[in-house]
Amino acid sequence: MTLKQGKNNKSYQVLSIDTELRLERRLEALGLTAGTRITILNNNKKGALTAKFRGTRFALGRQIADHIEVKEADR
């Protein structure tokens, strides 16, 4: 599933990021890499998706979130 399909207040583990190399490198610099645990704070289907990973809140555009493959995180 993609991050865009995730539910509010649920945690996921990033499996892969499939986007242009420049954007992928930028996300890596922010700490979003394969294996990262990410929690969706607000995904109300309009505007940016708000998520928390590595202790920081980020707003991700819907097109970006649609290219991040995730799975539900183990508790």
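Guide: Two strands pair if DSSP finds at least two bridges between them. The strands themselves are DSSP runs (E, at least two residues; helices are H or I, at least four), numbered from the N terminus. This is a predicted model, in which local features need pLDDT of at least 70 and side-chain atom pairs count only at pLDDT 80 or more, while totals for chains, interfaces and linings use all residues. Residues are numbered from 1 along each chain as its sequence is written, and side-chain values use heavy atoms, with hydrogens and water left out.

Visitor: How many bridges join β3 to β4?

Guide: β3 and β4 form a hairpin with two residues between them, and R54 in the turn has a positive phi of about 55°. Along these strands, T50 stands opposite A59 in β4. The two strands run antiparallel, and the number of bridges joining them is five.

Visitor: Which strands are at the edges of the sheet?

Guide: Five strands form an open, antiparallel sheet in the order β4-β3-β2-β1-β5. An edge strand pairs on one side only, which is the case for β4 and β5.

Visitor: By what angle are neighbouring strands of this sheet turned against each other on average?

Guide: Axes are lines fitted to C-alpha atoms (for helices over the stretch in contact), with angles from 0 to 180 degrees between N-to-C directions. With direction ignored, the average for neighbouring strands of this sheet is 40°.

Visitor: What is the bridge partner of S11 in β2?

Guide: β1 and β2 pair in the antiparallel sense over three bridges. The residue of β2 that bridges to S11 is T39.

Visitor: Is N43 buried or exposed?

Guide: N43 lies in the loop between β2 and β3. Buried means under 20% relative accessible area, exposed over 50%, and partly exposed in between (1.4 Å probe, protein chains only). N43 has 6% relative accessibility and therefore counts as buried.

Visitor: Which side chain makes a polar contact with the side chain of N43?

Guide: A polar contact is a pair of N or O atoms within 3.5 Å; within protein, one must be able to donate a hydrogen and the other to accept it, and residues adjacent in sequence count only if both atoms are side-chain atoms. The N43 side chain reaches the backbone oxygen of K4 at 3.0 Å. Its side-chain partner, at 2.9 Å, is R62.
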